[in-house]
Amino acid sequence: MTADPSIHAFTLAGAQLMAMGSGALWWPDQALLCVSDLHFGKSERMARRSGATLPPYETRDTLARLADDLERTSPRHVICLGDSFDDLAAAEALPEAERLWLSTLQAGRDWTWIEGNHDAGPIDLGGTHRAQVVLGPLTFRHIAEAGASGEISGHYHPKARVRTRGGSIRRPAFLVDRQRLILPAYGTYTGGLDTGSEPLSGLMQPGAIAILTGPRPAAVPMPRG
Amino acid sequence: MAQLPSSITDWFTSRGWAIHPHQQAMFDQAGAPATLLIAPTGGGKTMAGFLPTLAELAVDPRPGLHTLYVSPLKALAADIKRNLRTPVAEIGLPIRIDDRTGDTTATRKKAQRADPPHILLTTPESLALLTSYEDAARTFAGLQRIVVDEIHALAESKRGDQLMLALARLQTLCPGLRRVGLSATVEDPLAIARLLARHPDPCTILTADPGPAPDITMLATKERPPWSGGGAAYSIPAVLDLVKQHRITLIFHNTRAQAEIFFHNLWLANDEGLPIGIHHGSLDRQQRERVEAAMVRGDLRAVVCTGSLDLGIDWGDVDLVIQIGAPKNVKRLVQRIGRANHRYNAPSKAVLVPANRFEVVECVAALEAAQANDLDGDPRGPGPLDVLCQHILIAACSGPFDAGELFREMASAGPYAGLSRAAFDDCLDFCATGGYALRAYDRYQRLMQGADGRWHLRDPRAAQRIRMNIGTIQDTDTLKVRLKRDRGAKPLGEIEESFAASLTPGDTFLIGGEIVRYEGLREMTVEVTRNAARKPKIATFMGSKFSTSTQLSTRILDMFATRDWSALPGHTAEWLDLQAEVSRLPERDSLLVESFPHDGQEYICIYGFAGRNAMQTLGLLVTKRLEETGHSPLGFVATDYAVLIWGLDPVHDVEPLFDRQALRQGRDDWLAGNMMMKKTFRASATIAGLIERNTPTARKTGRQASFSTDILYDTLRKYDPDHLILRITRTEALRGLVDFGRIEEMLDRIGDRIELRRLERVTPLAAPLFLEVGKVPVKGSAEERLLREEAELLMQTSGLADLT
């Protein structure tokens, strides 16, 4: 699978991992797929709170991309790394069609919802709910903790900017150094934090790399400003 | 020659006026079923239109509506009321005159329906609404004449089509109705005559003496115009000088944003404090009225304006018109020039100010065309079906109808003379069921057939909703701008919703000549504070840019062919000579494509001369083809005459890019998902009644409307691709924003004569395109290649390549 140009392979704490162009993380040895910050129901929440109207397509769009990745990798285990729902009310307000679709995606595999700051608390959907998960050398949690090692987290929606001769390109990115990996947001309509900003620039060690998502993920030294 | 009543001729004599020959001719023709008068502004056109009415009412002042006057502007209706009341009072005629527009109070409107005045002044939309009432027959009983003012302006848009359908309805109610159209100078009077007359009635065309030829020049400045842009800031000192030398100057601009920027710069340079005002459609109505009133009082020396002053009240004292930026269209230029010196028999004076180097060429071409009175115009084609749908619904509001009778009535309207019964039935079916894909939805089931075979509203309460949505004007969705903590105060003006969405607190922009700071959005109002900054963030609202007309583009190409630069200033002649030397000048019957490298990228420049909108569409279609053929395009930028495309690889074979079938295919499947097509769909769907902008409870904001229309559009494309409104959308895409018709026209013109010139560097004619704003990035393979290339380089140089 390493020859696949839509995947970038790397190692963290001895585990062979693959950053997918979609923003999902694939761990072949465990047949585990991990996605972060899905933010289902964002437009619904925006409409509820501010009256602004985003088109309601984003949940379906996110689900469609997730379905594609599940089909490509056929994982035994899926971890959603927190902030899967924009808030708990959004989880409850998920339309019936999307709920059904989600349950077909969950069928036949372990599904873990890790709690995030947006969706702390149990959700009335299939799967298990955990604050964090430890698997072999790796720990999955929503927000990175100082001093951790072998840690996989999300939360910050990192984006990296690369200047090319054809103009600058800014995309969601995986950030990786020797201790940790921070995942980009997988959900449609999520903003982002530049890699040069705190706390990302402080969390990531010197020598960290950023893997920009897209049809052909590209690794660059993490831009710091 | 018929004799006017002596009371009227005496009044003219007492004023020291003589009746103009065309006024007399209009009176002589008073019995004709349709008459079109072509006369310059200031020629007593309106009086010519009303003279037969005054004469008839002087002899027989029976009660009831006698004459209906329709104008494109509410303000004009109000102004005519004032101007007409004076002679009527002085002659002592027992004539009641009233106006009826969107601003008229409900009580007065009700009184007008029950007891109409002799002369009613109104707009096409208010008239359509009047015909939708059940008592329309009673309101219009006895109507003799209808006078359509500024018909040349109405003829250019769907408002004219709507008006002619309303006239067809009136003619059914009042078979003896006579029609009169008043028009400024136009290129094709016959086309307007056909629009006006009941099909197949003849229409008499009267042409007034056009008066002396206008005095038009191009501004000569020591400073050279810049290579690109539309601001014309270089001309400010010269323009101020001209203002000082004249009594009142109108300074026309092509866009509102340019008018704002120019006004701002003019103020900064206005050391003598000359009273100068600004007038455009985004300003609050009260603010516009204040400027108009100051003009009438003679308090202003100049007004910076846009098309908002193309029509309207006559200001006799205007003695100079300045046009900033190339006029893009000769007819509009001539009509604008007519705004200067509204006195008959005095030449109008106008100065053209090119905003950039290419516009120098455009201005000279326009000037020559205006002097030769060679006017341009694009024939509009048959009446659009979305307007027809709206009128079927309007007819249903006024009462049950027979399909055959309604078809015959509508086919008697000029724009719909060629309407087939099948097309009408399609529209009727759409109004009744919403079309195949929507027949399951109750809200689209609006008409049903009764036992007698006549069609009527399924739910009579729907009439209110239909009436609320009458009209064809697609005002871009705007938000009011108001000073913060000053909620009772008048708004400063309006800005486009999309422009408002691009602002973040702290941004500054221009409105009404003031720099304001964006503070936030509050209940659909943009809140701002005054700001003392000298340089605003650009005012990009209302970018309604005109495309250079086909005729003007042809004139420019003809000038290139003759290589006659005698009318051009030296700097521009040298520029064109240099282009001819290093490459070639574009020609009319072939297509020049230049290819050259620049700054690490590969460029092609296509000199299509098809106008801004068509060139923009061509840019989208060609870059799509380049992406498919692996040429990795990065972006493009379009002007009226060319499109410049850049990417990673040189293009060696350009002919396939202009394959007609492939371009059409691109329009049908790929362009179909484009925003411009969605915008086109939204306009037609709104007119045809598929989408309601106004409901009894609330007015939908533009954004809400666009979300729900986008969903509808996608649904129809997927499940009912032949739906009536999609067919209308494709027809509309030949013009307007998409303007595919002019791409076809270009292909016809060039045939298979496409010349690719490979050059070592940027050419003189292509250079200004590098400075154009509005570059469109292409997201595709080029970005992936650039990213990979840069990433490899970065990883190697940083030594991190081995880490992973």
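Ala662(B) is partly exposed, because 15 other C-beta atoms lie within 10 Å of its own (a residue is buried with 20 or more other C-beta atoms within 10 Å, exposed with 12 or fewer, and partly exposed in between, the C-beta atoms being placed from the backbone). The model is predicted, so local features need pLDDT of at least 70 and side-chain atom pairs count only at pLDDT 80 or more, whereas totals for chains, interfaces and linings use all residues. Residues are numbered from 1 along each chain as its sequence is written, while chains are lettered from A and ligands numbered from 1 in the order in which they are written.

**Chain B**

- Ala662(B) belongs to helix α24 (residues 660-670) of chain B, where helices (H or I, at least four residues) and strands (E, at least two) are DSSP runs numbered from the N terminus.
- Between Ala662(B) and Gly298(B) there are 364 residues of separation in sequence and 58 Å in space, taken from C-alpha to C-alpha.
- Chain B contains 29 helices and 26 strands, and its C-alpha trace spans about 95 × 70 × 60 Å along the principal axes.
- The radius of gyration of chain B is 28 Å, which agrees with the value near 28 Å for a compact globule of 804 residues; this radius is taken over C-alpha atoms, and the globule rule is 2.2 Å times the number of residues to the power 0.38.
- Of the 804 residues in chain B, 45% are buried.
- Among contacts in chain B between residues at least 6 apart in sequence, 75% join residues at least 24 apart, a contact being a pair of residues whose C-beta atoms, placed from the backbone, lie within 7 Å.

**Chain A and its sheet**

- Chain A has five helices and 16 strands, and buried residues make up 44% of its 225 residues.
- For chain A, 67% of the contacts between residues at least 6 apart in sequence join residues at least 24 apart.
- Seven strands of chain A form an open sheet in the order β1-β2-β3-β4-β5-β6-β7, with mixed pairing; two strands pair if DSSP finds at least two bridges between them.
- At the edges of this sheet stand β1 and β7 (128-130) of chain A, each with a single partner strand, so one side of each is left without a neighbour in the sheet.
- From one strand to the next the twist averages 25 degrees, with axes being lines fitted to C-alpha atoms (for helices over the stretch in contact) and angles running from 0 to 180 degrees between N-to-C directions.
- Strands β3 (residues 25-27) and β4 (residues 32-35) of chain A run antiparallel and are joined by three bridges, and Trp26(A) stands opposite Leu33(A) in β4(A).

**The largest nonpolar core**

- The largest nonpolar core has 261 residues, of which Cys34(A) and Leu644(B) touch the most other members; such a core is a set of buried Ala, Val, Leu, Ile, Met, Phe, Trp, Tyr and Cys residues joined through C-beta atoms within 7 Å.
- Helix α16 (residues 385-398) of chain B gives the most to this core, contributing ten residues.
- Leaving aside residues up to four places away in sequence, Cys34(A) touches Ala24(A), Leu25(A), Ile79(A), Leu81(A), Phe140(A), Ile152(A) and Leu183(A).

**Where the chains touch**

- The contact between the chains takes 19 residues from chain A and 20 residues from chain B.
- On the side of chain A that touches chain B, the elements giving two or more residues are β1 (7-12), β11 (158-164), β15 (209-212) and β16 (218-221) of chain A, and β16(A) gives the most, with four residues.
- By class, this side of chain A has eleven nonpolar, six polar and two charged residues, where Ala, Val, Leu, Ile, Met, Phe, Trp, Tyr, Cys and Pro count as nonpolar, Asp, Glu, Lys and Arg as charged, and the others, Gly among them, as polar.

**Backbone features to check**

- Most residues other than glycine have a negative phi, and most peptide bonds are trans.
- A cis peptide bond, with omega about 0 degrees, joins Glu198(A) and Pro199(A), and Pro199(A) is found in the loop between β14 (193-194) and α5 (200-203) of chain A.
- The peptide bond from His199(B) to Pro200(B) is cis, with omega near 0 degrees, and Pro200(B) is found in the loop between α10 (189-196) and β7 (204-207) of chain B.
- Asp83(A), which is not a glycine, has a positive phi of about 50 degrees; Asp83(A) is in the loop between β5 (77-80) and α3 (88-92) of chain A, and counts as buried because it has 28 C-beta neighbours inside 10 Å.
- His157(A), a residue other than glycine, has a positive phi near 50 degrees; His157(A) is in the loop between β10 (151-153) and β11 of chain A, and is buried, with 22 other C-beta atoms within 10 Å.

Terms used: Contact = placed C-beta atoms within 7 Å.
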